[in-house]
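Q: I have a structure open and would like to go through it with you. Can we take it step by step?

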Amino acid sequence: MATAIAADGLSRSFGTVRAVDGVSFEVPAGEVFGLLGPNGAGKTTLIRLLAGVLLPGAGSARVLGLDPWTDGPGVRRRCGVLTETPAVYGRLTARQNLGFAAEVFGVPLPEVACRVNDLLARFSLADRADEPVGGFSKGMKQRLALARALVHDPELLFLDEPTAGLDPAASRQVHEMVGGLREEGRTVVLCTHRLVEAEALCDRVGVLAKGRLVALGTVRELSERLLADSPVALSFLDPVSDAVAGEVGAVPGVTVEERGERHLLLAAPDDEALAAAVGAAVGAGGRVVAAGRREHTLEDVYFALQEAAA
Amino acid sequence: MNWRAVRAVAAKDLLEVRKNRMATWSILGLSVFFSVGMPLLIGLLPFAAGPSGGDLGPFEQLTRLLPPGQQDLPIGSRMVVLMLGYFLAPLFLIIPLMVSSIVGAESFVGEKERGTLEGLLFLPATDLELYAGKVLAGFVPAVAAAFLNFALYAVMVNLVSAPIVGGAWFPTVPALALAAWVGPAVALLGVSASVLVSTRVETVLEANQVSGLLSLVIVALMVGQGSGLLMLSLPVLFLIGLAIYGVDVLLVRFGAAVFSRDRLMARA
């Protein structure tokens with residue numbers, strides 16, 4: 001599979017602050033790649049570097065095979081960028097905003113009107129296409145900004161906090177759009193600090209902390225690498241008695257990590273131990289209604305990484 | 001140079017200015033004041049002075065600078081011709097200067113204030129193309145406004161003064177040269193300076209304040225005329241225009257050379 005982005009040792013400082021510090025990673029074409037990190041972690045700076053808008057202090061990169069700092073316009077012509085704030089022109093209409101972008105991105109003249117109309121329809125903006133954007137809701141502006149990012153049919157999309165400030169319905173729409181972009185085979189770099197969003201949408205994630213890339217991989221890879229075995233949850237019909245908790249805790253290799261009113265959270269090294277724990281609970285009179293491993297979430301991984309980086 | 005991108009940036013800015021009521025009304029107000037109000041006011045002078053024409057004091061000396069055909073006019077009429085045709089004509093340059101400065105000052109720092117700068121910098125235009133688009137966006141309406149206002153001023157001057165001067169007499173050749181040669185130079189001066197300033201300040205207000213200093217050029221021309229030190233003859237106008245174009249070229253080249261996406265983005 002072709003490589004859409006290859007960054008090697010990218011760094012950039014602003015004054016004494018090192019915003020991006022020796023970041024290296026690759027994104028294959030067609031992947032939805034998540035860049036995670038708290039505010040100020042360096043996500044936006046990294047996008048700006050890769051789009052050739054900021055110059056690096058050190059390091060190198062290839063984006064769609066091009067050097068972003070010697071061929072910035074070439075890279076940007078093939079990329080769509082959704083900035084953190086929608087950055088649409090409030091005095092212009094939605095149609096004029098898209099028309100302007102189409103002109104600068106070099107969409108062939110005979111296709112401009114058709115492309116703009118298609119996008120307005122696709123992003124449910126056709127009804128208000130000729131109204132000034134200043135009167136639009138945040139969700140509508142975000143949809144317009146996303147439409148603008150797609151006006152030149154880019155191969156690679158940088159989406160910086162695409163659901164920031166959106167209500168759940170609008171966020172869901174954006175998620176569906178990202179899913180649609182993946183199906184179209186586009187490469188997407190999604191910057192977010194919404195972990196559920198990243199978990200749902202991204203094939204792989206990179207976690208940034210204080211400008212450094214502290215982890216890279218799928219959520220499963222990261223949890224296997226960074227966290228202990230997933231805990232096992234035993235759920236009971238009745239409140240957990242001391243006898244049940246004691247018998248389960250006595251199973252070799254099993255530790256009760258958390259005791260709730262109707263559940264136990266166990267550390268069990270394998271399925272044999274899990275089966276023994278369930279047997280012990282039943283033997284002690286516990287009426288087990290569910291037993292299973294709780295997979296580590298991206299949130300677990302993320303906070304473990306941020307804690308380690310602090 | 002991708003001229004399509006340059007034109008698109010300029011057209012977008014022009015559209016934004018057109019939809020900016022504050023800017024539109026400022027430009028219209030200025031136009032009405034200079035091109036309609038002033039000729040009307042000055043044209044009424046002889047009537048206010050009465051049939052004897054009054055005493056013009058030191059200004060009477062200046063009326064001797066008028067062309068021979070106009071030396072024979074009554075003193076009040078001479079004053080009108082002198083004021084409208086010579087003293088106030090340089091003031092007309094305020095129009096291209098202000099229009100270009102208003103648009104130019106808005107260019108980059110205005111985008112920053114409105115939160116659209118980042119989107120602009122992510123466009124696939126080179127730094128030079130972006131800069132050229134912004135300069136063009138200020139230059140074109142400034143020159144158009146200048147020519148329109150000059151035409152309007154000419155009509156108004158003739159309307160109010162023809163009865164006392166004895167016919168249409170404006171524009172004079174120096175006034176035409178002022179409009180056609182010096183006007184565009186001043187427009188370019190305004191936009192090249194204000195776009196340059198706009199890349200380096202934090203607010204539109206700051207950009208406007210710095211750009212406002214350029215009006216001193218116009219004041220200097222007016223003082224020169226009013227004091228009799230500088231009669232804007234054709235050779236003098238040619239040299240003044242040439243000097244301003246020279247400054248324009250330096251400013252545009254300097255502005256384009258120091259314009260940096262990286263610096264703008266780093267400060268955004």
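Q: How far apart are the centres of domain 1 of chain A and domain 2 of chain A?
A: The centres, taken over C-alpha atoms, are 46 Å apart. This is a predicted model, in which local features need pLDDT of at least 70 and side-chain atom pairs count only at pLDDT 80 or more, while totals for chains, interfaces and linings use all residues. Residues are numbered from 1 along each chain as its sequence is written, and chains are lettered from A and ligands numbered from 1 in the order in which they are written.

Q: Where do the two domains of chain A run?
A: Domain 1 covers 3–225 and domain 2 covers 231–294; such bounds come from an automatic or database domain assignment.

Q: New topic. Why does A:L266 count as buried?
A: Because A:L266 has 26 C-beta neighbours inside 10 Å. Buried takes 20 or more other C-beta atoms within 10 Å of the residue's own, with C-beta atoms placed from the backbone.

Q: Which strand is A:L266 in?
A: Strand β12 of chain A, residues 263–267. Strands are DSSP runs (E, at least two residues), numbered from the N terminus.

Q: How many residues of chain B are in contact with chain A?
A: 24 residues of chain B, with 23 residues of chain A.

Methods: Contact = placed C-beta atoms within 7 Å. Helix = DSSP H or I, 4+ residues; strand = E, 2+ residues; numbered from the N terminus. Buried ≥ 20, exposed ≤ 12 C-beta atoms within 10 Å, placed from the backbone.
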